[in-house]
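Dear colleague,

I am handing over the structure below, and I would be glad if you could read the notes that follow alongside it.

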Amino acid sequence: MIKVAMTSVYVEDVGKAHAFYTDVLGFETRNHLDMGDGTPFVTIGAAGAQRDLEVLLEPGGSTIAQTYTAALREAGLPCIVCSVDDVKGEYERLSDLGVRFSQEPHREGPVLTTVLDDTVGNLVQLIQVG
């Protein structure tokens, strides 16, 4: 069986992204290493779950990363989709924390969805199936 072990999200500032994804969204730090040249290697994952799946907060300073993230954002597409048990509850909780949303909760077929700004160049979609 082949499984996804890690995926990357390009971010403008790894430290700011780490704080947002852990302190605000509730992910946990899996790795926080200095690669020897000052380049951080930071991965996060769902708190207490999915130990074999991590998100790498990838420094997004390269031309490729900047072009990619700008194109996604311009098209209104999320860089990552996260599932939650209660989209409306998360929308309210995160709104109270000052998180900006580009899309209020709405139904798309069997999925309730919303889209937020991660403060480091990306849109993140939250979904609730059912």
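The model is predicted, so to speak of local features a pLDDT of at least 70 is needed and side-chain atom pairs count only at pLDDT 80 or more, whereas totals for chains, interfaces and linings use all residues. Residues are numbered from 1 along each chain as its sequence is written, and side-chain values use heavy atoms, with hydrogens and water left out.

An open sheet is formed by 4 strands in the order 5-8-7-6, with mixed pairing; helices (H or I, at least four residues) and strands (E, at least two) are DSSP runs numbered from the N terminus, and two strands pair if DSSP finds at least two bridges between them. Strand 5 (80-83) and strand 6 (101-108) stand at the edges with a single partner strand each, so one side of each has no neighbour in the sheet. From one strand to the next the twist averages 20 degrees, where axes are lines fitted to C-alpha atoms, for helices over the stretch in contact, and angles run from 0 to 180 degrees between N-to-C directions. Strand 5 pairs with strand 8 (residues 123-129) in the parallel sense over 4 bridges, and valine 81 stands opposite glutamine 125 in strand 8.

Elsewhere, strand 1 (residues 6-11) runs parallel to strand 4 and is joined to it by 6 bridges, with methionine 6 opposite glutamate 54. Strand 3 (residues 40-45) also pairs with strand 4, in the antiparallel sense over 2 bridges, and here isoleucine 44 stands opposite valine 55.

Helix 1 is followed by glycine 26, whose phi is positive, near 95 degrees.

The largest pocket has a volume of about 540 Å³; a pocket is an open set of points on a 1 Å grid over the protein atoms alone, where a 1.4 Å probe fits, with protein on both sides within 12 Å along at least five of seven lines, and lining residues have an atom within 4 Å of a point. The volume is the space filled by probe spheres set on the points, which are joined across faces, edges and corners. Of the 22 lining residues, Phe27, Ala46, Gln50, Cys82 and Ser83 are the closest to the centre of the largest pocket. Strand 5 gives the most to this lining, with 4 residues.

With best wishes
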